[in-house]
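Q: Please take a close look at a single part of this model and describe its surroundings in one connected account.

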Amino acid sequence: GRGGGREEGIEQPGVAVGAAGGEVFMADAGNSRVQVFEPSGAFLRQWGTPGDGPGELYYPYGIALDAAGDVYVVDTNGRVQVFDPSGSLLRQFGSPGSGPGAFDLPQGIAIDAAGDVYVADSGNDRVQVFDSSGTFVRQWGSSGRAAGRFDGPSGVAIDAAGNVNVSEFGNSRVQVFAPDGTFLRTFGRSGSGDGGVIDPRSVGG
């Protein structure tokens, strides 16, 4: 559905599924909120209102759950907020900018088996990594088309081997990295034929 009514409207959603009970958590970007559904699709609850205060959201594109069930939500205003499954704010990290730990239009987010948090920092053309408390650990990437460089990284996912898959809408491809940022391979190309992609925004692991 579209629009801003209760569970009726969903705008540009990102999705994460909880292991315990299988609840589906949706980042409802256009409505600046998180909605939660049963696996059947029945609406359960929601939280978030537009803004940049604690617990408020502004075009949240990325969402991920850690092993404890806490919900990490990427705000395009330059931060990651962490909520418990009921929507109570636990902590937040990041601020607008280009230095380590700062964001410019962050979009995708993923959490690995160790609890490290990977964020596709789209406006800064890089991937940033944080520990579970939000402390900056490392980053990689810069603007460009060469291997290991980005043009609008928007989606990030961790595969079964622990590698980091990053989709780019500007370069129309997915790049695969080791957890330390070492480039491994790329796939996809601009186009509509087999293997061709246009404006890819997300990737799943």
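A: Helices (H or I, at least four residues) and strands (E, at least two) are taken here as DSSP runs, numbered from the N terminus. The model is a predicted one, in which local features need pLDDT of at least 70 and side-chain atom pairs count only at pLDDT 80 or more, while totals for chains, interfaces and linings use all residues. Residues are numbered from 1 along each chain as its sequence is written, and side-chain values use heavy atoms, with hydrogens and water left out.

Burial is judged by relative accessible area, with buried meaning under 20%, exposed over 50% and partly exposed in between (1.4 Å probe, protein chains only). Because five of the five residues of β14 are buried, this strand is largely enclosed by the rest of the structure. In a regular strand the side chains alternate between the two faces of the sheet. In β14, Val-164, Val-166 and Glu-168 point one way, whereas Asn-165 and Ser-167 point the other way, and all are buried.

Two strands are said to pair if DSSP finds at least two bridges between them. Strand β13 (residues 153–158) runs antiparallel to β14 and is joined to it by five bridges, with Pro-153 having Glu-168 as its bridge partner in β14. The hairpin of β13 and β14 has five residues between the strands, and Gly-162 takes a positive phi near 90° there. Five bridges also join β14 to β15, again in an antiparallel arrangement, and here the bridge partner of Asn-165 in β15 is Val-176. The hairpin formed by β14 and β15 has four residues between its strands, and Ser-172, in the turn, has a positive phi of about 50°.

Taking contact to mean heavy atoms within 4.5 Å, and not counting residues up to four places away in sequence, Asn-171 touches Gly-144, Arg-145, Arg-149, Phe-150 and Asp-151.

Phe-150 leads on to the aromatic rings. Rings of Phe, Tyr and Trp (its six-membered ring) pair if their centres lie within 6.5 Å, and planes under 30 degrees apart count as stacked, over 60 as edge-to-face and the rest as tilted. A search of the whole structure finds 12 aromatic pairs. Ring pairs link Phe-150 into a cluster with Tyr-118, Trp-140, Phe-177 and Phe-183. Phe-177 is buried, with a relative accessible area of 0%, whereas Phe-183 is partly exposed, at 32%. The rings of Phe-177 and Phe-183 have their centres 6.0 Å apart and their planes at 75°, so this pair is edge-to-face.
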